[in-house]
Amino acid sequence: MDIDQAVRVLVLGGTSESRELAARLSGDDRFDFVTSLAGRVRDPILPLGTSRVGGFGGADGLTRWLHDHEIHAMVDATHPFASTISNNAAIAAAHHRIPLLGLHRTPWSRRPGDQWIEVSNSSEAAAAIPADAGRVLLTIGRQEVAAFAAIDSSWFLIRSIDPPDPVLPINHELLLTRGPFDIASEIELMRRRGIDAVVSKNSGGVMTEAKITAARELGIPVIMVARPTVPPDRRVVYTVDDVLAWLDSLFG
Ligand code: NAP
């Protein structure tokens with residue numbers, strides 16, 4: 001693609017990978033980029049360079065935004081569970097025939113010693129909590145905690161960055177904090193709070209992996225919510241270097 005000016009890139013962000021990409025792009029004057037954040041957390045870590053916050057108004061809104069801002073390429077570096085925005089990105093990119101690349105983090109995979117109970121969504125996770133798990137560490141973010149609200153046979157330590165959406169289990173305590181966490185502190189937390197099961201999304205990446213390692217070392221089951229499936233035709237890479245190589249291959 002021949003472009004006689006800086007290449008305008010929209011990065012759909014909100015992840016550490018998107019911040020790493022922004023840091024790399026901000027040192028490269030071939031690119032004029034903006035990172036878009038959903039606005040899910042009250043005090044977001046802002047990436048280097050220009051950013052904007054808040055929804056676009058569905059696929060149509062994003063389609064209009066791409067046109068109004070004359071975007072040449074889009075990188076979807078959103079959280080692996082943020083499938084609505086990823087689908088909207090695909091629709092809007094197809095509309096304008098703008099190249100779109102997904103930047104995903106590698107999912108965690110089961111290792112020897114892991115006691116994973118793999119489920120497809122939060123409702124299934126709630127149903128899969130073992131009957132003898134009296135104290136559960138719930139680490140699925142602040143949305144979807146309502147799926148656990150009907151359970152009164154377990155106590156939940158609900159960990160999220162911001163307070164979870166209302167409708168919570170009767171027996172719970174909130175732990176509002178932001179990662180990264182290390183293995184020693186996760187083991188200490190699980191021991192001190194008597195945790196006997198962990199619920200997690202398979203977000204992947206290093207920022208929150210310590211809880212998975214800690215559960216393995218303590219012999220605690222992890223109810224692991226699988227990622228939403230990515231359409232087979234979607235182009236996805238796993239490193240920022242690969243995104244930069246892709247931009248190079250397109251724009252030289
Ligand atoms: P989503 O369900 O894919 O998106 C819902 C709406 O949020 C989108 O339709 C869009 O609104 C807006 N949106 C999402 N990402 C955006 C971005 N980067 N820039 C501008 N608007 C954006 O995503 P989600 O509600 O954020 O999260 C869904 C799942 O991902 C949850 O399980 C959550 O725990 C997990 N998660 C997400 C993030 C994140 O940063 N997004 C971080 C951690 C975890 P419009 O339709 O109005 O454009």
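In which sense do strand β4 and strand β5 pair, and over how many bridges? In this predicted model, β4 (residues 73-76) and β5 (residues 100-103) run parallel to one another and are joined over three bridges. Within this pairing, Asp 76 has Gly 102 of β5 as its bridge partner.

Both strands belong to an open sheet of six strands with parallel pairing, ordered β3-β2-β1-β4-β5-β12. Helix α2 (residues 58-68) lies across β1 (7-12), β2 (31-37), β3 and β4, and runs at about 155 degrees to β1.

A further open sheet, also described by parallel pairing, comprises six strands in the order β6-β11-β10-β7-β8-β9. Here the edge strands are β6 (116-119) and β9 (172-176), each of which pairs on one side only. On average, neighbouring strands of this sheet are turned by 20 degrees against each other, direction ignored. Helix α5 (residues 183-192) packs on this sheet and touches β7, β8 (155-160), β9 and β10, its direction making about 155 degrees with that of β8. Strands β7 and β10 pair over four bridges, and Val 136 stands opposite Ala 197 in β10.

| Strand | Partner strand | Sense and bridges |
|---|---|---|
| β4 (residues 73-76) | β5 (residues 100-103) | parallel, three bridges |
| β7 (residues 135-139) | β10 (residues 197-201) | parallel, four bridges |

Terms used: Residues numbered from 1 in each chain as written. Predicted model: local features only at pLDDT ≥ 70, side-chain atom pairs only at ≥ 80, totals over all residues. Heavy atoms only, no water. Pairing = 2+ DSSP bridges. Helix = DSSP H or I, 4+ residues; strand = E, 2+ residues; numbered from the N terminus. Axes fitted to C-alpha atoms, helices over the stretch in contact; angles between N-to-C directions. Contact = heavy atoms within 4.5 Å.
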